[in-house]
Amino acid sequence: MKKNKDLSACAASELPDGSPYSIAIAVADWNAEVTHAMLEGATETLLKSGVKEENIITVHVPGSFELTSAAGMLLNYTSADAVICIGCVIQGETRHFEFISHAVAGGIAQLCASQCRPVIFSVLTTNTPEQAKERAGGKCGNKGVEGAVTALRMCHLNDQLSSCKSKKSR
Ligand code: RBF
């Protein structure tokens with residue numbers, strides 16, 4: 001596989017089969033112009049891969065800081081096979097950017113390490129709104145699409161590895 005392949009360009013025929021899965025999406029409404037475009041990209045990709053509409057659960061939170069908490073709730077209260085976290089943190093005049101970016105990256109990494117279901121980090125951290133828009137359907141692709149492809153690939157990996165375990169215990 002090409003190094004750093006832009007997964008936004010993944011053709012429908014290359015998409016992992018999503019039909020067996022149920023996927024949850026937590027989306028932050030802060031910088032909604034960007035995050036909602038990413039949500040649209042993620043949802044379209046999941047549908048294209050065969051995930052049934054009724055198996056896509058979307059929840060909205062106020063900002064990226066709340067994504068970890070929402071992802072934890074989705075893992076606890078739903079049977080989603082993966083959770084995609086969508087957010088956009090843009091550098092401002094204060095240090096909020098650093099605190100929010102670190103908190104959400106660290107929070108999601110902790111969930112990934114402690115849970116056996118994938119949690120996907122589709123959070124943009126950019127210097128400018130333009131850079132964010134370029135990554136939400138602009139010249140740098142759509143990172144929501146990439147989050148969806150990553151979620152599906154991780155669901156397949158989970159299936160493969162869990163079938164190894166059941167073979168081993170036979
Ligand atoms: N949330 C984001 O998702 N992206 C941002 O760029 C962002 N910037 C913020 C800047 C300030 C000064 C504050 C107070 C909040 C910001 N938030 C942002 C919201 C944050 O993620 C969270 O929703 C609130 O801090 C409430 O916990």
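Two strands count as paired if DSSP finds at least two bridges between them. Strands (E, at least two residues) and helices (H or I, at least four) are DSSP runs, numbered from the N terminus.

The model is predicted: local features need pLDDT of at least 70, side-chain atom pairs count only at pLDDT 80 or more, and totals for chains, interfaces and linings use all residues. Residues are numbered from 1 along each chain as its sequence is written, and side-chain values use heavy atoms, with hydrogens and water left out.

**View 1. Four strands form an open, parallel sheet.** The strand order is β2-β1-β3-β4. β2 (56–61) and β4 are the edge strands; each has a single partner strand, so one side of each lacks a neighbour in the sheet. Neighbouring strands are turned by 15° against each other on average, direction ignored. Axes here are lines fitted to C-alpha atoms, and angles run from 0 to 180 degrees between N-to-C directions. Strands of a sheet pair through backbone hydrogen bonds, either parallel or antiparallel.

**View 2. Strand β3 runs parallel to β1 and to β4.** Five bridges join β1 (residues 23–28) to β3. Eight bridges join β3 to β4 (residues 119–126). Val-83 of β3 stands opposite Ala-24. In β4, the bridge partner of Val-83 is Val-119.

**View 3. Strand β3 is covered on both faces.** Nine of nine residues in β3 (residues 82–90) are buried. Buried means under 20% relative accessible area, exposed over 50%, and partly exposed in between (1.4 Å probe, protein chains only). One side carries Ala-82, Ile-84, Ile-86, Cys-88 and Ile-90. Val-83, Cys-85, Gly-87 and Val-89 lie on the other.

**View 4. β3, helix α3 and β4 build a right-handed β-α-β unit.** Helix α3 spans residues 96–114. Right-handed means that, with the strands pointing away from the viewer, the path from the first strand over the helix to the second runs clockwise.

**View 5. Residues that surround the ligand include Trp-30, Asn-31, Phe-65 and His-96.** Near means that a heavy atom of the residue lies within 4 Å. Cys-88, Val-89 and Ile-90 are also among the surrounding residues.

View 6. The protein covers 69% of the 540 Å² of accessible area that the ligand has on its own (Shrake-Rupley method, 1.4 Å probe).
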